[in-house]
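Please look over the model below before reading my points. They cover fold, domains, cores and confidence.

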Amino acid sequence: MPDILGQPTVRRLLAAATLALLASTCVAKEAVPEAADPALEARMTRITSELRCLVCQNQTIADSNADLAADLRRQTRELLKQGKTDREIVDYMTARYGDFVLYRPPLRATTMLLWFGPAIMLLGGAAVLVVVLRRRGKLSADAFEPDEDDRAEAALHAQAAGAAPEGSKA
Amino acid sequence: MKRLWFLIPLAAFFALATMLALGLKLDPREVPSPLIDKPAPKFSLARLDDASKTVRLDDMHGKVWMLNVWASWCVACREEHPMLVEFSKKKLVPIYGLDYKDQRADANAWLANFGNPYDASLFDDEGRVGIDFGVYGVPETFVIDQNGVIRMKHIGPLTAEVLATKIEPLLERLKKADA
Amino acid sequence: MIPELGHLALWIALGISAVLGTLPMLGAARNRRDWMALARPSARWIFALVALAFVCLAISFIDNDFSVLYVASNSNRSLPLHYRFTAVWGGHEGSILLWLLMLTFWTFAVATFSRHLPEKVVARILSVMGWLAFGFLLFLLMTSNPFDRLLPVPADGRDLNPLLQDPGMVIHPPMLYMGYVGLSVAFSFAVAALIGGNLDATWARWTRPWTVAAWIFLTIGIALGSGWAYYELGWGGWWFWDPVENASFMPWLVATALIHSLAVTEKRNSFKSWTVLLAIMGFSLSLLGTFLVRSGVLSSVHAFATDPRRGLFILAFLVIVIGSSLALFAWRAPTVGLGARFALLSRESLLLGNNVLLVVACGAVLLGTLYPLALDALGLGKISVGPPYFDTVFVPLLTPLIFLMGVGPLARWKETTLPDLATRLKWAAGAAIVAAFLTAWLHGGVGIVGVVGLLMAFWIIASLLTDLVERLRPVGGMRSNVLHRARLIPRATVGMMVAHLGVAIFIFGVTLVKTGEVERDVKMGVGDTTEIDGKTFTFRGVRDVTGPNYRGAQGLIVVTQGDKTIATLHPEKRFFPVTQATMTEASIDSGLTRDLYVSLGEPVGGGAWIVRVYLKPFVDWIWGGCLVMALGGLIAATDRRYRIRARQTADAAAAAGATA
């Protein structure tokens, strides 16, 4: 086998290449953002952080390392470059994958209960509390059990009446 | 009367338990396709066997056909492949393959090895057509009618049962509708 | 031999738990002291046997006994020793055994620390716990036996999931399970009280320390899980509203409500049936969580290998346990007395307001977690409910709760007036507003949402200080004896203050990290730099490293500020050949006011890598706040009221004083 490294031309080329490599490392530079356009990238990340990765299913498309997620991120960048709005990109995704891909469930007839449920529960709970408390307030005293504090106070008063008037409150 | 209020927690729990019981039969990971009964996305792809020839969606107009998404790197595809080869021999409908994110050499070798049930395979190396079809895993199979409307999507490997009980009857119905 | 021994121990425990479930309960009904006397020894035996089984399983792991199927599925010869031990609870079967260990331990604890309780009450409580143990033992032995053999014996095992090979993994599940299972004590106390008809303030006083103890473990367990996700998963998130996270958060919310409700019942003997319902709900949510994680009904990053058959068994167990306890509630609770009177505006009613908010918050989380399942079950389509929903819905519920947190402790029992509260709290309100705006201005870039968050945190602190000052203020104008008055503050109150302070710290951390975190995804060649907030991150390249069961690439990043080097970070990408999994190990420099967080992305050739750099302000205050909360709980649980010996001494002194 011919000794390729013995050839002078090759050795010179190799030397040049090594030098170039070393030179590039000597010139440390400001790190290049992964994407060419940081503003676009930020928009892409914002949109894809609310989309569900369909492969791993428990990560956002922004975070997932799955192939499909990378493809969809690339697709989102292209759509953004074409001037599409956030809304249009989300519609693009749901047209292909359905509502499942959205981590923010859309407001539809079927999700009304989901979105308004907590508020309804809160109002309902507060209403029940107020009604119950009001009703309790209207009951006569004998509906309740004797109050420990009232009894203790009465006992103290009785003691104070029977003993000397000096008494420090415990 | 007052007692009835105290039954609310129990009633609510039983409603919850019923729903959970129903949930045991479902697969939370399966993503249903929103494209059913909607027009198939337009595509124009080179063939796997001959890069100079292109196949477009409009070429399929007038025929009921199946699109099977596969790849040489897909392990589950090997499961369904023998069945698909058998099925293709019945010549019920044209079957086209969508070779998803693959290498030409590997794909052709795979078909040579395991059999080729497809009238032709389309080479989707970047997966863009796959995205348009809502593909999220391989294998997947679509049934598309004469007007280019997607009528069914099956996720995962095809089984003899699915072919017999779901796909063949559907193909019958669609072909009759045409006649 | 050893696996068989463990297996046998569990079968014997099953038998004894059946005895514990029936005889003492019947004995309490029929006044048979000999049957009731079986309760404590049975509880101790069950714990000893389950502990033995656990030890047998641990030995199988440590000895690399791959003839045991569970060991072969979760361990490997190259797995380091300490991870071989923690692998015991790395999979479904072993984690159920861990659950059982905790359950029988709590049963044992109740059996031991209940000398001051009447015999009948103890018998009933232990019986209920015996039934719970029976159910779980049956589940384990029928569907999830960790001692099943595997033949032929493989030469090596499948290895533990690399995500779990981590110190956080060691401690997070045991803590969490201690909390989940600890709520079974409050549950058993409640059911026993419903059966025996002895619901009163004394019952609340007995139940409270056990509930607080479970709550402490749950708080720490959840905080650990969150912290572990933060440093282990590599992208700097710490809460995802994942179904399994929600499954642990819901019992925590109800347990918090329960602690506050027990305060009302203990002090004023009121709202007993509501407190009992909360006690039942707390443990029911623990059981629901177990179901959700193991049945395959929800898709989650935490889910164990799912099996519908196991899901069916757990569901049946759920229906029996929760169904019968709620049926018992519907039957007996209407006869429970109303307790003492209190006004529409009083500390009692404010505490109940707290309860409403916490239970509604729990309901909201439950709604969001189960809604996709509900729609799918009804054939109405498939949706996903994720962080955007929960964040939108949860924070508005939190705000009134935080407001109440400031007002409640200052309100008087029985009756309080709005003008009175307003006068006492006006300084706190003013101070909170000023502090919030000042912090926002100093920190910069906070926004309206951030200001609201800061306002909440400072409101808690300001009202807390108001309460403290009021208690320390000299009566009659004398300025001395502050220390004496400080010592007079009951521990339960001190615990409350510390726990509320923990919440304030938590909110402070969450607010500042959410509004102020900075993320950079950059391509870095050797020597390249990037700058955040005056700190320069220099990439020094990547070298190969080898671990006991992985191959890795370790990066070196030096962080400087001006001339000083403030941190050296070593993020790694690890590849585990046995499971073919790749893990991203972030490198974090933690500080009091910020974390510097770096993780490696992908190599892009030429020695350059994609690197993710984060600055996260005050993120450690999140978990610090949780620890302070837990500390507050610990202080409160050791209140004089609950320390048996202290009470006995006090009772003796009182008796002596009375006769003198």
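My comments follow as numbered points.

1. Ground rules. This is a predicted model, in which local features need pLDDT of at least 70 and side-chain atom pairs count only at pLDDT 80 or more, while totals for chains, interfaces and linings use all residues. Residues are numbered from 1 along each chain as its sequence is written, with chains lettered from A and ligands numbered from 1 in the order in which they are written.

2. Overall shape of chain C. Chain C has 20 helices and 10 strands (DSSP runs, H or I of at least four residues for helices, E of at least two for strands, numbered from the N terminus). Its radius of gyration is 27 Å, close to the 26 Å that the globule rule gives for 660 residues, so chain C is as compact as a globular protein of that length. The radius is taken over C-alpha atoms, and the rule is 2.2 Å times the number of residues to the power 0.38. The C-alpha trace of chain C spans about 90 × 75 × 60 Å along its principal axes.

3. Packing. Of the 660 residues in chain C, 55% are buried (20 or more other C-beta atoms within 10 Å of the residue's own, with C-beta atoms placed from the backbone). Take the contacts in chain C between residues at least 6 apart in sequence: 74% join residues at least 24 apart. A contact means C-beta atoms, placed from the backbone, within 7 Å.

4. Domains. Chain C splits into domain 1 (1-164), domain 2 (166-334 + 344-376), domain 3 (417-516 + 621-640) and domain 4 (518-618). These bounds come from an automatic or database domain assignment. The C-alpha centres of domain 2 and domain 3 of chain C lie 26 Å apart. Each of these two domains gives 12 residues to their contact.

5. Cores. Which residues have the most contacts inside the largest nonpolar core? They are C:L100, C:A186 and C:V254, in a core of 265 residues. Such a core is a set of buried Ala, Val, Leu, Ile, Met, Phe, Trp, Tyr and Cys residues joined through C-beta atoms within 7 Å. Helix α9 (residues 201-232) of chain C supplies the largest share, 19 residues. A second, separate core of 17 residues includes C:V522, C:V542, C:L596 and C:Y614.

6. Confidence in chain A. Chain A averages a pLDDT of 77, and 62% of the residues score at least 70; pLDDT is the predictor's confidence in each residue, from 0 to 100. Helix α1 (residues 8-26) of chain A is lowest, at a mean of 51, and helix α4 (residues 86-97) of chain A is highest, at 93.

Conventions:
A residue is buried if 20 or more other C-beta atoms lie within 10 Å of its own, exposed if 12 or fewer, and partly exposed in between; C-beta atoms are placed from the backbone.
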